[in-house]
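Open the model in a viewer and keep the selection tool at hand. The stops below go from one part to the next, with a note on what to select and what is there.

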Amino acid sequence: MAIEEITVDELDELLAAPGVAVLDVRNPDEFEEARVPGVALIPLSELEQRVDEVPDAAALYVICRSGARSAKAAELLAQRGITAVNVAGGTMAWIESGRSVDSGPAS
């Protein structure tokens, strides 16, 4: 199954619009260290059990550290009828681009 991918530049443009949902599938310790502002966390290891908690949006943008876990998560979500888009390069690409990040426990 082919999963659509976008770059962090494209994600940044999308985040300017209201109602854009981004799901981070990294582990909680990684999430607390640094994350794209406004993302929701459901670790990949918990995604199947927590799929009902996935944000409701026309398209769900999925991010991880570098893009591998989020690709797996997007595929899993697509199999359940959710339009999921992988963010290529992940949080590392976001940080390397110089964009701002949030850190600390999820609020």
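Predicted model: local features only at pLDDT ≥ 70, side-chain atom pairs only at ≥ 80, totals over all residues.

Begin with the rings: a search of the whole structure finds 0 aromatic pairs. Residues are numbered from 1 along each chain as its sequence is written, and side-chain values use heavy atoms, with hydrogens and water left out.

**Stop 1: a charge over a ring**

Select Trp94 and Arg99. Arg99 lies over the face of Trp94, at 5.4 Å from the ring centre. A charge sits over a ring if NZ of Lys or CZ of Arg is within 6 Å of the ring centre and within 35 degrees of the ring normal.

**Stop 2**

In which order do the 5 strands of the open sheet lie? The order is 1-5-4-2-3, and the pairing is parallel. Strand 1 (5–6) and strand 3 (40–41) are the edge strands, each pairing on one side only. Helices (H or I, at least four residues) and strands (E, at least two) are DSSP runs, numbered from the N terminus. Two strands pair if DSSP finds at least two bridges between them. Strands of a sheet pair through backbone hydrogen bonds, either parallel or antiparallel.

**Stop 2: strand 5 and its neighbours**

Select residues 84–87, which are strand 5. Strand 5 pairs with strand 1 in the parallel sense over 2 bridges. Within this pairing, Glu5 has Asn86 as its bridge partner, and Ile6 has Val87. With strand 4, strand 5 pairs in the parallel sense over 3 bridges, and here Asn86 is the bridge partner of Val62. From strand 4 the chain crosses through helix 4 to strand 5 in a right-handed β-α-β crossover. Right-handed means that, with the strands pointing away from the viewer, the path from the first strand over the helix to the second runs clockwise.

Buried means under 20% relative accessible area, exposed over 50%, and partly exposed in between (1.4 Å probe, protein chains only).

**Stop 3: Ile3**

Ile3 counts as partly exposed because its relative accessible area is 22%. Its contacts, not counting residues up to four places away in sequence, are Ala74, Glu75, Ala78, Ala84 and Asn86; contact means heavy atoms within 4.5 Å. Ile3 and Asn86 are 83 residues apart along the chain, and their C-alpha atoms are separated by 6.9 Å.

**Stop 5**

Select strand 2 together with strand 4. The two run parallel and are joined by 4 bridges. Ala21 stands opposite Leu60 in strand 4, and Leu23 stands opposite Val62. Strand 2 also pairs with strand 3 in the parallel sense, over 2 bridges, where Leu23 stands opposite Ala40. Strand 2, helix 2 (residues 28–33) and strand 3 make a right-handed β-α-β unit.

In a regular strand the side chains alternate between the two faces of the sheet. In strand 2, Ala21 and Leu23 point one way and Val22 and Asp24 the other, and all are buried. In strand 4, Leu60 and Val62 point one way and Tyr61 and Ile63 the other, again all buried.

**Stop 4: the cores**

Which residues have the most contacts inside the largest nonpolar core? Among its 14 residues they are Leu23, Val25, Leu47, Val54, Leu60, Val62 and Leu77. Two or more residues come from each of strand 2 (21–24), strand 4 (60–63) and helix 4 (68–79). Helix 4 gives the most, with 4 residues. Apart from this core lies another, of 13 residues, among them Val22, Tyr61, Ile63 and Trp94. A nonpolar core is a set of buried Ala, Val, Leu, Ile, Met, Phe, Trp, Tyr and Cys residues joined through side-chain atoms within 4.5 Å.

Notes. Phe/Tyr/Trp six-rings, centres within 6.5 Å; stacked < 30°, edge-to-face > 60°.
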